[in-house]
Amino acid sequence: MCSIKAYNYTNVILVIFFALLNIDPVLPGANDLHFHDGSSSADVIAGDIFFEILDPQELRYSYRIRPAKDFGATFNDSFHMKKARLVPTVPISSCSDLHNQEDVSGNIALAERGDCSFVFKTAKAQQAGARAIIITESVNKWDDPLDHLIEMVDDKMDIDVNIPAAFLLGRNGATILRTLKKLHMKYAIINLPVNMTYVPINKMNQPPWITW
């Protein structure tokens, strides 16, 4: 009973926080990747990578993404983008030719999961000139309790993609997309990747609406 009250109290605090920032709240739930007592930063990261949003200010945090398992290029040492644009694709599903190719070209595409495979979305972003793609859960399905289990795997359709691709938990994706829409912004400014290996867990600048 106490834990339920604490959880509800935390939600109330978060609602007030978001109201002060004038953005729509996306509250914590089962689809977060939780830290465990005694875990090291290396244990928590476990092969995932991070990017940070610089602008808009409301989204200025570090975000965890899970690279595609067996397709596309890797986020290796030669891939490093500073002050790059994270551009929501149009259409957001990235299942057809992108209407905002000029915005996506040379930048990082942000698309929603669904309607076609991860590989196909990546191929469409690549066709539009994207340097990488981040795929997230649909804004309408952000509270899927199983989205932390999603692995981006090759669909065996023999589509050639050679840009990096990764999955972002829906709570973060939903908040990013909603905030950009509210602020009438076409993109966010990000650094990708950022090295979090030696950053203590309690010092990681995680978004206030999640616990990794």
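Figure 1. Just after H4, Gly129 adopts a positive phi of about 95°. The model shown here and in the other views is predicted. H4 itself spans residues 118-127. The helix is mostly covered, with seven of its ten residues buried. These buried residues are Phe118, Val119, Lys121, Thr122, Ala123, Lys124 and Ala125.

**Figure 2. Phe118 of H4 pairs with Phe167 of S6, and Phe75 pairs with Phe79****.** Across the whole structure, a search finds four aromatic pairs. One of them joins Phe75 and Phe79: the ring centres are 5.4 Å apart and the planes stand at 90°, so this pair is edge-to-face. Phe75 has 15% relative accessibility and counts as buried, because the cut-off for buried is under 20%. Phe79 is buried too, at 8% relative accessible area. Phe118 and Phe167 form another edge-to-face pair, with 6.3 Å from centre to centre and 65° between the planes. Phe118 sits in H4 and Phe167 in strand S6 (residues 165-168), so the pair ties together parts 49 residues apart in sequence. Both Phe118 and Phe167 are buried.

**Figure 3. Strand S3 and helix H5 contribute to the lining of the largest pocket****.** The volume of this pocket is about 280 Å³. Its lining has 13 residues, and those closest to the centre are Pro88, Ile92, Leu177, Lys181 and Met185. S3 (81-88) and H5 (170-182) each supply at least two lining residues. H5 gives the most, with three. By class, the lining of the largest pocket holds seven nonpolar, two polar and four charged residues.

Figure 4. Pro56 lies in the loop between strand S1 (49-55) and strand S2 (62-67). Pro193 is found in strand S7 (residues 188-194).

**Figure 5. Ser94 and His184 have positive phi values****.** Ser94 has phi near 55°, a positive value in a residue other than glycine. Ser94 lies in the loop between S3 and H3. This serine is buried, with a relative accessible area of 0%. His184 likewise has phi near 55° and is a residue other than glycine. His184 is found in the loop between H5 and S7. In contrast to buried Ser94, His184 is exposed, with a relative accessible area of 73%.

**Figure 6. The whole protein has five helices and seven strands****.** Along the sequence, these elements follow the pattern α-α-β-β-β-α-β-α-β-β-α-β. Of the 212 residues in the protein, 48% are buried. Take the contacts between residues at least 6 apart in sequence: 73% of these join residues at least 24 apart. The protein exposes about 10,800 Å², and carbon and sulfur atoms supply 53% of that area.

Notes
Residues are numbered from 1 along each chain as its sequence is written. This is a predicted model: local features need pLDDT of at least 70, side-chain atom pairs count only at pLDDT 80 or more; totals for chains, interfaces and linings use all residues. Side-chain values use heavy atoms; hydrogens and water are left out. Rings of Phe, Tyr and Trp (its six-membered ring) pair if their centres lie within 6.5 Å; planes under 30 degrees apart count as stacked, over 60 as edge-to-face and the rest as tilted. Buried means under 20% relative accessible area, exposed over 50%, partly exposed in between (1.4 Å probe, protein chains only). Helices (H or I, at least four residues) and strands (E, at least two) are DSSP runs, numbered from the N terminus. On a 1 Å grid over the protein atoms alone, a cavity is a set of points where a 1.4 Å probe fits but cannot get out, and a pocket is an open set with protein on both sides within 12 Å along at least five of seven lines; lining residues have an atom within 4 Å of a point. Grid points are joined across faces, edges and corners, and a volume is the space filled by probe spheres set on the points. Ala, Val, Leu, Ile, Met, Phe, Trp, Tyr, Cys and Pro count as nonpolar, Asp, Glu, Lys and Arg as charged, and the others, Gly among them, as polar. Contact means heavy atoms within 4.5 Å. Accessible areas come from the Shrake-Rupley method with a 1.4 Å probe; for residues, only the protein chains shown count as cover.
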